[in-house]
Each structure stands twice: as C-alpha cells, then as structure tokens.
Amino acid sequence: MSGSVLALLAFSPILLAAILLVGFRVPAKKAMPVSFLATAAMALAIWDIPILDLVASTIQGLFITFDILYIIFGAIVLLNLLKYSRALKVIREGFADISNDRRVQVVIIAWLFGSFIEGAAGFGTPAAIVAPLLVGLRFPAFCAVMLGMMVQSTPVSFGALGTPILVGVSGGIQSPELTAELLASSLEFSEYIQLVTVNVALLHGITGILMPTLMVCMMCRFFGKNKSWKEGLRILPFTIFGGLAFTIPYVLTGLFLGPEFPSLLGSLIAIPIVVLAAKRGF
C-alpha cells in the first residue's frame, strides 16, 4: 500500500469516532469501544502487530486513562464545591464591583479567571464555571457560552497542571525508538518534553496577546447593542494589557519551571494586576 493509503487507514478510527459522535449522535460510551475495536482489528490485519503488543498497549492506555479520569474527577468536585457552597455567587458579586463595562468584565472574568480555572482543573471546567458567572452578570447565554469556549485557547495546553503535555504528549510519543533517537542526540526524554513546553509556551504566548481583543470584539460585534467591531477595538490598550499581563508570566513559567504551572501562574499573577488597573480607571 502507498503511504497516503496507510495514512488514511491510520486516521480512519478517529474519523469513525467523529462520525458516530457528531453525525449520528451515538453516546461516547458506545462510539469509543467501536472505534477501539476498529483500531485493534486494523492493527492486527494491516500492520501485523503482535497480539501481546496490542494487549500491552491497551493496558497502558487504560492506566493513562485512569490518570485523566482522576483529574476530571477533581475538576467536577471543584465545580460542585463552588456551586453548592455559593462561592460562584460571591465571585460573581466581587467581579461585578470591579467595573460595569462588559468589555472589561470579559477580560477579567472570561479571559483571566477562565485561564486560572483551566490551569487548575482543565477539561472544559472554564466553560462550566465562567459561562454561569457571565449569565449572572446579564450577558446573553449564547455569548457567555461562546466566551467560555474561546478561553480554551492559550491556557489549554497547560491545563489541569500541564496534563496535555505531561500525559498527552508524553504518553502519546514515548517509545523505545524515540528514546534511542534522543539518546543518540544526547537528550533525555524529560529534556525533550521541556523543549516541547518551551515551543508551545512561545507560540501560544504570542497568539494569547490578542485573544482578549478577539473575545471582546466578538462580543461587541455579535451581541453588542450596536453590533460593531469598533466598540471592541476602542479599549484595545486594555485588552492588549490583559493579554500581556497573562502571557508574559505564562511564557516565563514555561521557560524556567516546566509544563505544570504556566496557565496557573500566568493567571494568578495577571488577575490582581489587571483588576487593580481597572479599579484605577484604565
């Protein structure tokens, strides 16, 4: 078979999962086992992978899954704790006192607080927490959901204390062959992961500078009173300031501390800086 045919076959289980989940709305608990069986069948029939290797890979995947489920469990606990302790109400009232300007609220609540939740819990938790906060501040529901999803951009690669890098990248690419190649290049696997972290932090840091501006402009254009891009661009200095306040410590943390804390520390440092600037009338 040609390389393109093999590539298409390798991609087909992912495509099958997407068709079942999105096209036919099959629940994940049914769609994913079907995709797994299709993957296993192709591994045996097309790539002649030994059955022991297939079983070992399946067991390894289960253990990686347990790590992710453990983190998701923590995210759900955090969400319910905030909900039933009425902490969400207190947080909402605190944010409302900072500024009545919705554009400023987007930068502080959706962008910075959402990034903090992503860094701490990940796995969609920002949308589940930020959207209700915005709705409580009388944002249109669809707008609140859109903003909650947009925040899953710059901070997401280091979400849940670096899980996408530490579990996703490490578990996805670690192999004896890669280890041998790295040793030949005088690199440890941990050093390679740090190189990935640095590149991700730099690329996302650059794009993250503009994310608050994009979020504010999208809100003003599609949900604002005048449906205008210009209303969002009028506070461009503040949105750029909000982007830089997050991305500078975000990038520095990725460079010097690793993948666990960029989103968490970036937002923790930025929130008091931006809140103070907003209260001072910036």
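Leu44, Ile51, Leu52, Val55, Ile59, Leu62, Phe63, Phe66 and Leu69 form a nonpolar surface patch of about 900 Å². Patch residues have over 30% relative accessible area and no salt bridge, and nonpolar side chains are joined within 5 Å. A salt bridge is a side-chain nitrogen of Lys or Arg within 4 Å of a carboxyl oxygen of Asp or Glu. Areas come from the Shrake-Rupley method with a 1.4 Å probe.

This is a predicted model: local features need pLDDT of at least 70, side-chain atom pairs count only at pLDDT 80 or more, and totals for chains, interfaces and linings use all residues. Numbering starts from 1 along each chain as its sequence is written, and side-chain values use heavy atoms, without hydrogens or water.

Helix α3 (residues 51-84) gives the patch its largest share, eight residues. Phe66 sits in this helix. Its relative accessible area is 48%, so Phe66 is partly exposed, between the limits for buried (under 20%) and exposed (over 50%).

Now the whole fold. The C-alpha trace spans about 65 × 50 × 40 Å along its principal axes. Of the 282 residues, 39% are buried. Among contacts (heavy atoms within 4.5 Å) with a separation of 6 or more, 69% join residues 24 or more positions apart.

Notes
Buried < 20%, exposed > 50% of the residue type's maximum accessible area, 1.4 Å probe, protein only. Patch = residues over 30% accessible without salt bridge, like charges linked within 9 Å, V, L, I, M, F, W, Y side chains within 5 Å. Helix = DSSP H or I, 4+ residues; strand = E, 2+ residues; numbered from the N terminus.
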